Every structure is written in structure tokens, then in C-alpha cells.
Amino acid sequence: MLTLTHISKSYGARGEVAALTDVSLGIGQGEFCAIVGASGCGKSTLLNIIGLLDRPDAGQVAFDRRVIDAGSRAEAARLRNELIGFVFQSFHLLPRLTAWQNAALPLQYRGVSRSDRRPRALEMLDQVGLKDRAEHLPSELSGGQSQRVALARALIGAPRLLLADEPTGSLDSASANDIMALLRRINREAGLTIVMVTHDRDLAARCDRRIELHDGQVVSAEAAA
Ligand SMILES: Nc1ncnc2c1ncn2[C@@H]1O[C@H](COP(=O)(O)OP(=O)(O)OP(=O)(O)O)[C@@H](O)[C@H]1O
Ligand SMILES: [Mg+2]
């Protein structure tokens, strides 16, 4: 469903920091991929380019063989809204909104009325096992619960692709396991394509496939055994 061809990206006024060099990669519909590699090797940069949050200096990103117009921010934003859900290490919940209001945010941005948002958000919270916390503020939730709210928010717009940058990075190992199990279940039951950056070798081993980066290049992209 997703094809990257000859992607390069560098940072700095003169492009002196090469974050990605000539990365080509295909990710199939329904795959659950881990992106692994040392700190600074370009994992987040790669995820941001896949998620159309950042543009490559060279190369192409295509969804379903349709090449994304690298020049058009409006087109990128529209596709991002329509196709992609994101979760991050640090949840990014809005502190003054309750769990269900946070989960419903993408619907609000799409102009869905409040009375229609609430039942859909409660349904999503139920799917991530958090219906009983719907009226709580983020400050009243544990890390694992906060990440479930973030996951509900990422999924509420029915994306084709879920991108997760260290989703368990700030959780204890029990909560990390719960989130991983939830991602695995969503992948299996809904056939959702997931790309997850992780430092955790055990979690990476539970994915279908590991894509390993080293200094901005793909050094291995093996399929599941
Ligand atoms: N906005 C930026 N400006 C300048 N350099 C950047 C920027 N973002 C990333 N870099 C550099 O690009 C390289 C790749 O960074 P990236 O964040 O993709 O690494 P990472 O693999 O996600 O690391 P980590 O595991 O620590 O999150 C690093 O050398 C980093 O310092
Ligand atoms: Mg990173």
C-alpha cells in the first residue's frame, strides 16, 4: 500500500546532517512493521516522511501507487487526515479536554457535531478498554491509559495506516505489553497496516517484519519468519 523510492533527507543550512540516504521500501496492506536502529539513525525522520508530516529532499512517497505531490502542502494535509493515524511516545493529549473529548478531536476537525462525536468516541474508548475513564482528564490517567486515549484518537477517523513513534517508550513494561497486545489485535482484527518505531527488541520481534536502519540507510528489511 505504501512505496518509498530513493528517499533522502538532510538537515542543517547546508544539508550537513544526512538523516536518510537513498531509502527505498515497500509496505504491504495489513503488515505490522517495526522500524529499529540506534538513536539518531533516522527512524523518526522516516516515520514523519511516511506520515506526510515532513517532505524528503529527494525521492517519492506513493500510497496505492499514487505518488504524493511533494510540492502541495494542502494535498499532503488532506491525505494525512484521510489515511493516517499517529501515536507518539508522549501522548500529546490536550490537558483541558476529557478522555472522550481528546479521542473525538479528529471528528471535531472534520466538522462532526458534538452530539455525533460523543457516541463514536465512547465506542472507540470501549475498543481500547477505557470506556470507564471517558470523563477523566489526562492528568487523572496513567501513562498506559493516556496512550490508549491517544490510540482511540488515532483510530477514530478510520485510517488506512497507523504510525507509532516509540508508543511504549514512556511506559513501564506491563503497560508497554498491554499497548503492544492492543496494536496486535487491531492489526489482526481490522487488518490495519501499522508501522511502529521501537527500541525494544522483544516488541520488534512480535511484529511481522523488522526494518533496520543504520546511519540513515536500510540495512535489513526482512519479512516475518
Ligand atoms: N529538525 C532537525 N534539525 C536538525 N537535525 C535533525 C532534525 N531532526 C532530526 N535531525 C537529525 O537527523 C538525524 C536523524 O534523526 P531522527 O530523529 O530521525 O533519529 P531517530 O532514529 O528517531 O533517533 P531516536 O531513536 O533518538 O529518536 C539525527 O542526526 C538528528 O540529529
Ligand atoms: Mg526518534
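## Terms and model

A pocket is an open set of grid points with protein on both sides, and its lining residues have an atom within 4 Å of a point. Helices and strands are DSSP runs, numbered from the N terminus. The model described here is predicted.

## The largest pocket

The largest pocket has a volume of about 520 Å³. It is lined by 18 residues, and those closest to its centre are Asn81, Ile84, Phe86, Pro106 and Tyr109.

Strand E6 (84-88) is one of the elements that supply at least two lining residues each, along with helices H2 (73-83), H3 (99-109) and H5 (143-155). E6 gives the most, with 4 residues. By type, the lining divides into 11 nonpolar, 4 polar and 3 charged residues.

## The second largest pocket

The volume of the second largest pocket is about 260 Å³. Of its 16 lining residues, Leu52, Asp54, Arg55, Ala70 and Ala76 lie nearest the centre. Strand E4 (58-63) and helix H2 each supply at least two residues of this lining, and H2 also contributes to the largest pocket.

## The surroundings of ligand 1

The residues around ligand 1 include Tyr11, Val17, Lys43, Ser44 and His199. An oxygen atom of the ligand is 2.7 Å from an N or O atom in the side chain of Lys43. For the side chain of Ser44, the corresponding distance is 2.9 Å. The protein covers 59% of the 640 Å² of accessible area that ligand 1 has on its own.

Strand E2 (17-27) and helix H1 (43-50) each give two or more residues to the shell. The largest share, 3 residues, comes from H1. The shell divides into 5 nonpolar, 6 polar and 1 charged.

Technical notes
Residues numbered from 1 in each chain as written. Chains lettered and ligands numbered in written order. Predicted model: local features only at pLDDT ≥ 70, side-chain atom pairs only at ≥ 80, totals over all residues. Heavy atoms only, no water. 1 Å grid on protein atoms, 1.4 Å probe; cavity = no way out; pocket = protein on both sides within 12 Å on 5 of 7 lines; lining within 4 Å. Points joined across faces, edges and corners; volume = space filled by probe spheres on them. Nonpolar A, V, L, I, M, F, W, Y, C, P; charged D, E, K, R; others polar. Near = heavy atom within 4 Å. Polar contact = N/O pair within 3.5 Å; in protein donor to acceptor, adjacent residues only side chain to side chain. Areas by Shrake-Rupley, 256 points an atom, 1.4 Å probe, with all protein chains shown as cover.
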